[in-house]
Amino acid sequence: MRQAGRYLPEYREVRSRMSFEELCADADSACEVTMQPIRRYDMDAAILFTDLLTPVVPMGLGLHYDPGPILDRKIESMDDVRALEPFDPEVGLKPMLDTVRKVRAQLADDKALLGFVGAPFTMACYLIEGRGSKAWDNTRRMMFAEPALFDALLDRITTCLEPLVKALSAAGCDGVQVFDSWAGVLSADDYARRAAPGTQRLLRTAREADAIAINFVNGAAQHVETLAGLESDVTAVDLRLPMRKVREKLPSSMALQGNMDPALLFADEATLRSEVRRICEEAGREGHIFNLGHGITPKVDPQALAVVVDEVRKH
């Protein structure tokens, strides 16, 4: 969950010299910020520094950040869907894959590298709205008012992202996470029928490419039954769900990832250690990747992460 970021002074130093877009496009710099948390905390895995929306550029859509993502045009018709271009990741996203190769070369053999792609539903949200939103009203309107268009868009996005999942694995990612930031706005039935099939395809693609398939749906309390049936090796859990209850509903073969509230990083050390122990105990000793249940915030003291890492390693 965003290992590199504004809470790290070494990251802020890099960002003082380049924009977010420039950082994502520069393999040496993206490798540097990917490695920074590994050097500081000796994490077990590095998380590739990139952005969910980076693939929309080779798909044929302009993108800039101000400070959030803004697309130069929206998807409003079937012609717009057909115009989305499948692409060769080694050409269209060469800086991203070069970053993977550079990080993999620097990582110790016992450290994993995790890449990620946006889930088709979350990608569709941005393509339909053109920018971020809280309610995603236009996306939900299209889903019900123009179901054929909506389903065609999700299918097209999935087709464009499948080669990227394969390329991330081939370049050196040990796992690929399918990141669904916004499916929490969907009912359980709508997620199962409309959004989950595209996610399933990407998870299956990751496994077929010999990568660990990780599925994360933010705000997923109503979707747990569907998540249990998807082909993921790991289900990532957001901060809202008790790990014990999720463990009870998922197959024993499926590992869990999560799920500490990042706001706990502002608590005193005793409270922080107690919460880490609780999460580890609820998740179980086997098949658990300790992680935050959402992205880390900029004002966190880096020392708080050192406390978390130390306490996790005791369990």
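Trp136 sits in the loop between helix 7 (120–129) and helix 8. The model is predicted. In it, Trp136 is buried, with a relative accessible area of 0%. Its backbone is also worth a look. Phi of Trp136 is positive, about 55 degrees, although the residue is not a glycine.

Asp42 belongs to the loop between helix 3 (27–41) and strand 1 (45–47). Most residues other than glycine have a negative phi, and most peptide bonds are trans.

Two peptide bonds are cis. One joins Asp66 and Pro67, with omega about -15 degrees. Pro67 is placed in the loop between strand 2 (63–65) and strand 3 (69–71). Another cis bond links Gly258 to Asn259, and its omega is about -5 degrees. Asn259 is part of strand 8 (residues 255–260).

Now return to helix 8 and follow the chain onward. Helix 8 (residues 137–145) and helix 9 (residues 147–171) have axes that come within 5 Å and cross at roughly 115 degrees. The two helices are therefore roughly perpendicular to each other. Helix 8 brings Thr139, Met142, Met143, Phe144 and Ala145 to the contact, and helix 9 brings Pro147, Leu149 and Phe150. By class, these residues are 7 nonpolar, 1 polar and no charged.

The largest nonpolar core has 102 residues. Leu127, Leu153, Leu168, Tyr191, Met260 and Leu265 have the most contacts inside it. Helix 9 supplies the largest share of this core, 12 residues. Take Leu153 as an example. Beyond residues up to four places away in sequence, Leu153 touches Ile75, Val81, Leu84, Ala124, Leu127 and Ile128. Another core, of 10 residues, lies apart from the largest one; Phe179, Ile214, Phe216 and Ala236 are among its members. In soluble globular proteins, nonpolar side chains tend to be buried together.

Helix 10 comes next. Ala192 lies in helix 10. Ala192 is partly exposed, with a relative accessible area of 33%. Setting aside residues up to four places away in sequence, Ala192 touches Pro197 and Thr226. Between Ala192 and Leu256 there are 64 residues in sequence and 20 Å in space, C-alpha to C-alpha. Gln200 is also found in helix 10 (residues 188–208). Gln200 counts as buried, because its relative accessibility is 14%, and the limit is 20%. Apart from neighbours within four places in sequence, Gln200 contacts Gly229, Leu230 and Glu231.

The last stop is another helix pair. Helix 13 (residues 269–283) and helix 14 (residues 302–312) pack at about 40 degrees, with axes 9 Å apart. That makes helix 13 oblique to helix 14. The crossing of helix 13 past helix 14 is right-handed. On the helix 13 side, Glu269, Leu272, Arg273, Val276 and Arg277 take part; they meet Ala304, Val307, Val308, Asp310, Glu311 and Val312 of helix 14.

Leaving out neighbours within four places in sequence, Arg273 is in contact with Val307, Asp310, Glu311 and Lys314.

Notes
Residues numbered from 1 in each chain as written. Predicted model: local features only at pLDDT ≥ 70, side-chain atom pairs only at ≥ 80, totals over all residues. Heavy atoms only, no water. Axes fitted to C-alpha atoms, helices over the stretch in contact; angles between N-to-C directions. Helix = DSSP H or I, 4+ residues; strand = E, 2+ residues; numbered from the N terminus. Parallel < 35°, antiparallel > 145°, perpendicular 65-115°, else oblique. Contact = heavy atoms within 4.5 Å. Nonpolar A, V, L, I, M, F, W, Y, C, P; charged D, E, K, R; others polar. Buried < 20%, exposed > 50% of the residue type's maximum accessible area, 1.4 Å probe, protein only. Core = buried A, V, L, I, M, F, W, Y, C linked by side-chain atoms within 4.5 Å. Left-handed = near helix turned anticlockwise from the far one by under 90°.
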